Amino acid sequence: MNFQQLRIIRETVRRGFNLTEVANALFTSQSGVSKHIKDLEDELGVELFTRKGKRLLGLTEPGKELVVMVERMLLDAGNIKRLAEQYSNVDAGQLTVVTTHTQARYALPKVVAAFKQAYPRVVLHLHQGSPQEIVQMLLDGEADIGVATEALADVPELASFPYYGWQHAVVVPAGHPLEAVQPLTLEAIAAHPVITYHEGFTGRTRIDKAFAQAGLKPDVVMSALDADVIKTYVELGLGVGILASMAFSPQRDPGLRQLDSSHLFPENVTRIAVRRGHYLRGFAYRFIELCAPELTEAAVADAVGGTAG
């Protein structure tokens with residue numbers, strides 16, 4: 001058994017048993033993928049996949065057990081490399097953080113600036129993606145740390161920690177009729193077109209739930225992935241904006257007005273997550289602690305299953 005075979009087994013499962021996609025992902029040929037699978041089955045003396053002709057349909061029982069071991073072996077292989085780097089070059093290396101646009105734009109700039117000042121020799125890769133993409137990158141070992149509001153707390157393979165709480169804000173163009181509605185109500189908002197986040201981003205589920213519990217269905221005329229786009233179209237008068245409160249600034253957005261809506265929507269909690277069993281370099285723990293000082297290296301290492309330096 002070799003690591004190429006292990007990677008092929010993992011990718012075959014993750015890509016729905018489509019060997020063409022597996023071959024493309026691993027920069028090899030479909031016939032090469034098939035040969036590696038057949039060689040491994042011959043070596044082990046059991047079939048790992050159910051088949052219909054030459055097509056793979058799923059995993060056999062021994063195949064299901066093997067996949068769990070393969071994931072662990074590939075995770076540990078990456079951990080060994082990171083462990084060696086930690087002791088050979090303590091303050092240099094690479095840290096990959098994956099997050100949403102809102103967090104990258106409004107929550108992380110001060111953290112990133114402080115981190116780069118403390119670790120100038122660490123290459124920081126800041127990727128943006130959807131909550132589902134963030135989860136997948138963490139599970140695949142392609143990212144060290146994930147930051148998002150949705151999805152992270154629901155995956156047992158991830159250890160997640162509260163970062164900070166925030167609420168949604170309602171913004172309108174200056175002079176909008178809703179400025180005169182006090183206290184603001186969901187009914188009053190629902191009487192106007194609404195512009196907010198795309199489904200699955202930045203607490204959109206909680207916005208929809210608040211309206212649904214009030215027996216209302218707002219007319220969402222436009223949805224976007226980030227607050228800057230929402231604010232642009234709100235300022236054009238196309239609708240009432242509902243966005244993350246930290247995305248609004250009177251100085252930065254002089255043409256808009258934020259209305260008091262703290263009583264309308266529940267608090268959201270942005271979380272920091274890492275994969276359980278993933279070896280974190282010392283500077284990764286420092287990044288997390290810069291986000292939330294109470295998340296000390298010892299506390300995070302204990303939850304992740306690592307070792308505090």
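**View 1. What the buried side of α6 packs against.** The buried residues of α6 pack against β3 (93-99), α5 (101-107), β4 (122-128), β6 (158-166) and α11, where contact means heavy atoms within 4.5 Å. This is a predicted model, so local features need pLDDT of at least 70 and side-chain atom pairs count only at pLDDT 80 or more, while totals for chains, interfaces and linings use all residues. Residues are numbered from 1 along each chain as its sequence is written, and side-chain values use heavy atoms, with hydrogens and water left out. Helices (H or I, at least four residues) and strands (E, at least two) are DSSP runs, numbered from the N terminus.

View 2. Val111, Val112 and Phe115 are buried (under 20% relative accessible area; exposed is over 50%, partly exposed in between, with a 1.4 Å probe and protein chains only). Looking down the α6 axis, the buried residues fall within an arc of 95 degrees, so they line one face of the helix; the arc is that of directions from the helix axis to the C-beta atoms. Over on the other side, Lys110 and Gln117 are exposed.

**View 3. α6 meets α11.** Helix α6 (residues 109-118) packs on helix α11 (residues 282-291) at about 140 degrees, axes 9 Å apart. Axes are lines fitted to C-alpha atoms, for helices over the stretch in contact, and angles run from 0 to 180 degrees between N-to-C directions. Touching residues are Val111, Val112, Ala114 and Phe115 of α6, plus Phe283, Phe287, Leu290 and Cys291 of α11.
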